[in-house]
Amino acid sequence: MKLFRHGPVGQERPALLDAQGQARDLSGVISDITADTLTPENLQKLRALDTNTLPVIESVGRIGTPLQNPGKFLCVGLNYSDHAAETNSPVPAEPILFTKWSKPSGPNDPIVLPQNSVKTDWEVELGIIIGSKARYVEKDDALSYVAGYAVINDVSEREYQLERSGTWDKGKGCDTFGPIGPWLVTGDEIADPQNLGMWLEVNGKRFQNGSTKTMIFDVATLVSYISQFTTLYPGDIISTGTPPGVGLGQTPHVFLKAGDTVKLGIEGLGEQTQQVFAWDPALLD
């Protein structure tokens, strides 16, 4: 299934795409797509629906985050060896973990540059959405804890991340720095999460063109590994790292500026488009 939410911020309604790609309203079946929706039992109930009986959505409009009130927003750094090389960083021996403080935004919502930011960067990433409580799980069982996958743009302010001391989090958690969606694609629709093409363009120029097959630590490894340090719950999100082609890796560096258009996508998971704006608190509320 491809689950999504649409409507103004705070007024989103649940929906799905049927087998023909037609948007169908789920609000007569569930009130919203929440962490509870993502459990294996509840996903199976949705799969059993006759989608032809669901109302057609003629005009989707704005697409929100794929689920209401996601849980932890965890991220993995330097998970592609060629991305590590372009940033002059060693290949990690174990996954590098950090968090995003920001609330995820819709896939086409604006990116708002922080005040005085001059080094805001882009990163197309595969997002994992957890569907079952996971604690000390084995790698061989790890994918059974995954509800589905989504596109994430791990927007990053490199000065804050790398030049301001402390952890990476301060460059990762700025408002609007976590576009996710357009859909949550359930795991049964993704035959192999380690063989998905991914790309990102800025103003029509292709900067990133990679594949999840070049991850250092694959999806199953990441779910198992992270579950050794914190319990994962339905609705938690893991952003799994980015292939090469980020702005920091260009010579000279290229960073986002007001007026830019960012487009990105992952095979089978849909596409995002974001407009970049200068700092304006009105765009955050």
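The following exercises, each with a worked solution, concern a predicted model.

**Exercise 1.** Determine in what order the strands of the open sheet are arranged, and which strands form its edges.

*Solution.* Begin with the arrangement: 9 strands make up the open sheet, in the order 3-2-1-11-9-8-14-4-5, with mixed pairing. Next, look for strands that pair on one side only; these are strand 3 (23–25) and strand 5 (96–99), the edge strands. Neighbouring strands of the sheet are turned against each other by 30° on average, direction ignored. Finally, examine one pairing in detail. Strand 4 (residues 73–77) and strand 14 (residues 237–239) run parallel and are joined by 3 bridges. Within this pairing, Phe 73 has Ile 237 of strand 14 as its bridge partner.

**Exercise 2.** Describe where helix 5 lies and how far it is covered.

*Solution.* First, locate the helix: helix 5 (residues 219–226) lies across strand 4, strand 5, strand 8 (124–130), strand 9 (146–153) and strand 14. Its direction is at about 55° to strand 8. Second, consider burial: 7 of the 8 residues of helix 5 are buried, among them Val 219, Leu 222, Val 223 and Tyr 225. Third, identify the packing partners: the buried residues of helix 5 pack against strand 4, strand 5, strand 8, strand 9 and strand 14.

**Exercise 3.** Identify the residues with the most contacts inside the largest nonpolar core, and the element that gives the largest share of this core.

*Solution.* The largest nonpolar core has 49 residues, and Val 223 and Leu 269 have the most contacts inside it. The elements that give two or more residues to this core include strand 2 (13–17), strand 12 (197–202) and strand 15 (261–266). Helix 5 provides the largest share, 6 residues. A second, separate core of 21 residues includes Leu 26, Leu 67, Phe 73 and Ile 152.

**Exercise 4.** Classify the ring pair of Trp 122 and Phe 207, and explain why this pair ties together parts apart in sequence.

*Solution.* The whole structure contains 3 aromatic pairs. For Trp 122 and Phe 207, the ring centres are 4.9 Å apart and the planes stand at 50°, so the pair is tilted. Trp 122 belongs to the loop between strand 7 (120–121) and strand 8, and Phe 207 to strand 13 (residues 205–211); the pair therefore ties together parts 85 residues apart in sequence. Both Trp 122 and Phe 207 are buried.

Note on methods
Residues numbered from 1 in each chain as written. Predicted model: local features only at pLDDT ≥ 70, side-chain atom pairs only at ≥ 80, totals over all residues. Heavy atoms only, no water. Pairing = 2+ DSSP bridges. Helix = DSSP H or I, 4+ residues; strand = E, 2+ residues; numbered from the N terminus. Axes fitted to C-alpha atoms, helices over the stretch in contact; angles between N-to-C directions. Contact = heavy atoms within 4.5 Å. Buried < 20%, exposed > 50% of the residue type's maximum accessible area, 1.4 Å probe, protein only. Core = buried A, V, L, I, M, F, W, Y, C linked by side-chain atoms within 4.5 Å. Phe/Tyr/Trp six-rings, centres within 6.5 Å; stacked < 30°, edge-to-face > 60°.
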